[in-house]
Amino acid sequence: MAGSKTYYLTTPIYYVNDVPHIGHAYTTLACDVLARFMRLDGYDVRFLTGTDEHGQKVEKSAMAAGIAPQEFTDRVSQNFRDLVGLMNYSNDDFIRTTEPRHVKSVQALWKRLQDRGEIYLGSYAGWYSVRDEAFYGEDELTTTPTGRKIAPTGAECEWVEEPSYFFRLSAWQDRLLAFYEQNPDFILPPGKRNEVVAFVKSGLKDLSISRTTFKWGIPVPGDEAHIMYVWLDALTNYITAVGYPETEGGDYAKYWPADLHMVGKDILRFHAVYWPAFLMAAGLEPPKRVFAHGWWTIEGQKMSKSLGNVIAPETLVNTYGLEQTRYFLLREVPFGNDGDFSHRAMVNRINGDLANDYGNLVQRVLSMIGKNCGAAVPQPGPFTEADERLLGSAHGLLDAVRREIQVQAFHKVLDTVWAVIGDANRYVDEQAPWALRKTDPARMATVLYVLAETIRHLGILTQPIMPAASARILELLGQGEDARGFDRLGPAGALVAGTPLPTPQGVFPRYVEDAKS
RNA sequence: GGCAGCGUAGCUCAGUGGUAGAGCAGGGGAAUCAUAAUCCCUUGGUCGGGGGUUCAAAUCCCUCCGCUGCUACCA
């Protein structure tokens with residue numbers, strides 16, 4: 001079944017100058033859910049994440065720490081690898097831009113661009129602040145009465161020129177616009193797409209793609225005084241990981257172009273403008289989609305080191321639980337929007353959605369089966385209209401959820417699934433199996449069967465979001481690991497009466513506040 | 001400044017011409033299988049202000065107010 005359909009998706013590679021926070025965890029989580037979904041749906045998935053390890057900031061940080069840049073990145077990159085275990089990510093690869101495979105790939109891409117006449121040597125000139133180690137635009141500067149140029153930071157700037165290689169980005173403006181036109185879903189969400197299109201329409205200048213002012217980067221082939229612009233280096237990781245420069249056969253032929261690059265909104269331009277331009281210029285196919293998601297605030301405030309409110313993923317997982325954290329991040333906010341993380345909202349989701357709605361549904365049904373049906377899947381009789389209706393909504397979930405997954409609308413996926421959870425809870429109350437136990441045990445068995453079968457669907461479909469908790473639910477229904485794919489949804493994989501079931505145990509505990517103040 | 005978007009119930013949002021919606025929060029009730037969970041009913045909005053088009057406007061047009069994003073080379 002796998003083999004024909006492939007799905008290649010990537011997170012950004014994270015800059016090692018930072019420690020992982022909720023934003024990093026969020027980006028990779030969204031990808032993990034997609035990757036798990038597509039695998040369950042029968043796709044051959046390649047899910048890539050990794051770390052971006054070159055650049056001036058890394059060089060400086062390493063120097064400040066008194067160690068070599070490579071040693072520094074080895075150390076900090078590990079923080080992001082640790083995140084994989086903590087958050088239960090299912091990535092197939094973890095790339096580092098300091099790996100030989102990547103250096104080889106980037107240099108090959110450079111040569112290819114150069115051979116095609118897309119790169120030329122020029123000089124980069126601008127107002128440079130030695131103190132800030134940054135260039136500023138003319139309009140950002142203020143001029144003193146004596147004619148000195150002052151940066152917004154207050155630092156004095158001087159006019160400097162340095163040799164630099166340029167990429168002929170200006171030549172790609174029209175072809176980029178045509179590409180956006182022909183691929184209206186290339187950039188999501190739509191608001192972000194409009195911003196990119198407006199930016200490109202406003203005119204593109206050639207892009208400086210080499211640096212001579214520091215050393216920590218990949219050397220330009222044939223001119224080692226230059227190292228490559230970090231974004232050219234970083235973006236190339238997406239093809240390195242599928243074997244570039246080998247493009248005939250192998251993983252490149254199988255997986256490229258990528259189906260999705262997931263990015264934070266701050267790095268959209270690099271992915272939606274520069275990257276497709278680089279690729280088209282090299283005669284390679286651009287990716288199919290770039291999705292720019294939003295940012296999290298914390299209790300209504302912007303996350304910042306100075307405020308000291310940066311949340312480490314580890315804190316969330318330890319405080320609220322992994323499954324709960326994964327659920328909250330994708331449920332609370334329409335994916336693509338900015339969102340706010342608050343303790344109150346988190347507890348509401350944990351107790352309302354998970355413990356009360358979903359967890360309690362599973363518990364009340366399995367517990368009745370355990371007590372009244374000999375701890376085995378009950379034998380159903382003929383289905384009533386109400387039975388068919390509930391089963392029908394369960395059977396219809398996959399198609400509905402697929403539609404939302406295709407546009408990365410995770411919140412709607414959960415909305416859709418929870419609608420069925422609501423249907424199931426109403427059905428329990430309407431059918432009142434506890435009353436049927438005395439009046440019509442056969443009917444009670446049918447009702448509990450219908451509910452168990454509905455829960456089987458819920459368990460299978462919540463696997464991408466909450467893999468561990470869903471696995472536990474499926475175990476409670478006696479469904480082994482080979483019975484959890486989407487091909488088992490619908491009547492084909494229906495529970496078999498008489499299958500023995502383990503004693504039910506709560507899956508989503510309530511969050512109880514510490515007794516205090 | 002320019003361009004774009006937003007402003008709908010206490011909160012988060014859906015609704016783009018035809019009698020104001022959902023979830024959560026608040027109030028009342030039912031039930032007792034279950035993690036005191038569930039189910040039903042319900043309070044609550046002059047849809048940012050003003051003007052206009054229309055038989056009819058949250059929805060179209062104008063204007064004002066407020067908020068946000070983008071306006072390239074640190075990543």
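The legends below describe one overview and two close-up views of a predicted model.

**Figure 1. Overall architecture of chain A.** Chain A contains 19 helices and 18 strands (DSSP runs, H or I of at least four residues for helices and E of at least two for strands, numbered from the N terminus). Its C-alpha atoms fill a box of roughly 95 × 60 × 40 Å along the principal axes. Of the 517 residues, 57% are buried (under 20% relative accessible area, 1.4 Å probe, protein chains only). Among contacts (heavy atoms within 4.5 Å) with a separation of 6 or more, 76% join residues 24 or more positions apart.

**Figure 2. Packing of helices α5 and α6.** Helix α5 (residues 173-182) packs on helix α6 (residues 190-201) at about 155 degrees, with the axes 10 Å apart; axes are lines fitted to C-alpha atoms over the stretch in contact, and angles run from 0 to 180 degrees between N-to-C directions. The pair is therefore roughly antiparallel (angles over 145 degrees). Gln-173, Leu-176, Leu-177 and Tyr-180 of α5 meet Arg-193, Val-196, Val-197, Val-200 and Lys-201 of α6.

**Figure 3. Surroundings of Arg-96.** Arg-96 belongs to strand β3 (residues 93-96) and counts as buried because its relative accessibility is 12%. Leaving out residues up to four places away in sequence, Arg-96 touches residues including Thr-51, Gln-70, Asp-74 and His-102.

Residues are numbered from 1 along each chain as its sequence is written, and chains are lettered from A and ligands numbered from 1 in the order written. Local features need pLDDT of at least 70, side-chain atom pairs count only at pLDDT 80 or more, and totals for chains, interfaces and linings use all residues, while side-chain values use heavy atoms, without hydrogens and water.

Notes
Parallel < 35°, antiparallel > 145°, perpendicular 65-115°, else oblique. Buried < 20%, exposed > 50% of the residue type's maximum accessible area, 1.4 Å probe, protein only.
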